[in-house]
Amino acid sequence: MERRTFLTTAVLAGAGAATLAGLATPAAAQAKKAVIGVSIPSATHGFMGGLNWHAQETIKRLKTTYPNLDFVLATAGAVGKQVNDIEDMIATRNIDALVVLPFESEPLTSPVKAVKEAGKWVTVVDRGLAQAGIEDLYVAGDNTAFGRVAGEYFKANLKSGAKIVVLRGIPTTLDNERVDAFKKAIDGSGIEILDAQHGNWNRDKAFSVMQDYLSKHKKIDAVWAADDDMAIGVLEAISQAGRQKEMWVVGGAGMKEIVKRIMDKDPQLPVDVTYPPALISTALEITALRFVSDTPVYGRFIIGSTLITPENAAQFYFPNSPF
């Protein structure tokens, strides 16, 4: 099948994703029945809670808009469960497409490849697979920009010789992209990365990792938590150690709690970097177009990352959002 690029770059701010379903014509909406399987991690932390909420709301909207579409949604709290979910969708639910946000990149590559080899449409969201080119459509935030924007802030606001620690996410291709871009952005600044461990985008794990950092390093000037849930765990560890005045923290994603503290000019949280959980809505909307219109939807749809500061934080603050 010829691979065509549909959209390359988009910037989405806040909790809502662009509604693309309106591009389909009424006639196209009467197309044959199609079943879209949706496999995502369960709501184990704030970002995934928001993503699950957006997935459910978007599925409800699309089913109302397009009666010819049906959806099978499965959530998994572990790699093995997600693999079983996907195999079940093929074996018993006869899906025509799979929208998948891999729990981890490497172990989900073979199962998703099997779906593609079975002749099904594949949309990969957020966390790429370990092998390139399997999916028909890839939808994600701009992970390179996510790391670069944070790194540029560190470089501009820390002096040469400053010491920082980094918390990585779950081992995935996107985590690699973020960390590589961050390191490249601070290259030549004289900033020293004391340590970089996986916090798994989980506040409890991040709390534990940060406690370890604080016990090992007597001087830390700043923390790149790289995720707002991890930032919450990091801040709690710093508070318990009584070292709040020594360092500031930068997370990422745009959690409303973090954005509010930036609005209030909390010195511990000077900025944040956007990475909206509503990207799952974008993935579902575009995948739906594959079955209800002739719109070309192959390729990559990348959602830009923006630096949230006290000056612009109000436009990223949504108090009624689940995240």
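Reader: Where is Trp 201 found, and why is it called buried?

Author: Trp 201 sits in the loop between β7 (192-198) and α6; helices (H or I, at least four residues) and strands (E, at least two) are DSSP runs, numbered from the N terminus. Its relative accessible area is 4%, and buried means under 20%, exposed over 50% and partly exposed in between (1.4 Å probe, protein chains only). Since 4% is under 20%, Trp 201 is buried. Trp 201 also has a positive phi of about 55 degrees, although it is not a glycine.

Reader: What kind of model is this, and what was counted?

Author: This is a predicted model, in which local features need pLDDT of at least 70 and side-chain atom pairs count only at pLDDT 80 or more, while totals for chains, interfaces and linings use all residues. Residues are numbered from 1 along each chain as its sequence is written, and side-chain values use heavy atoms, with hydrogens and water left out.

Reader: How do you know whether Asn 94 is buried or exposed?

Author: Asn 94 has a relative accessible area of 54%. That is over 50%, so Asn 94 is exposed. Asn 94 belongs to the loop between α2 and β3 (97-100), and its phi is near 50 degrees, a positive value in a residue other than glycine.

Reader: What makes His 217 buried, and which residues does it touch?

Author: His 217 has a relative accessible area of 16%, which is under 20%, so it is buried. It is found in the loop between α6 (203-216) and β8 (222-224). Leaving out residues up to four places away in sequence, His 217 touches Val 165, Leu 194, Asp 195 and Arg 243; contact means heavy atoms within 4.5 Å.

Reader: Why is α2 called roughly parallel to α3?

Author: The axes of α2 (residues 79-92) and α3 (residues 105-117) come within 10 Å and cross at roughly 5 degrees. Angles under 35 degrees count as roughly parallel, over 145 as roughly antiparallel, 65 to 115 as roughly perpendicular and the rest as oblique, so α2 is roughly parallel to α3.

Reader: Which element gives the most to the lining of the largest pocket?

Author: That is β5, with three residues. The largest pocket has a volume of about 220 Å³. Among the 17 lining residues, the closest to its centre are Gly 128, Glu 135, Tyr 138, Glu 177 and Arg 300.

Conventions: Axes are lines fitted to C-alpha atoms, for helices over the stretch in contact, and angles run from 0 to 180 degrees between N-to-C directions. On a 1 Å grid over the protein atoms alone, a cavity is a set of points where a 1.4 Å probe fits but cannot get out, and a pocket is an open set with protein on both sides within 12 Å along at least five of seven lines; lining residues have an atom within 4 Å of a point. Grid points are joined across faces, edges and corners, and a volume is the space filled by probe spheres set on the points.
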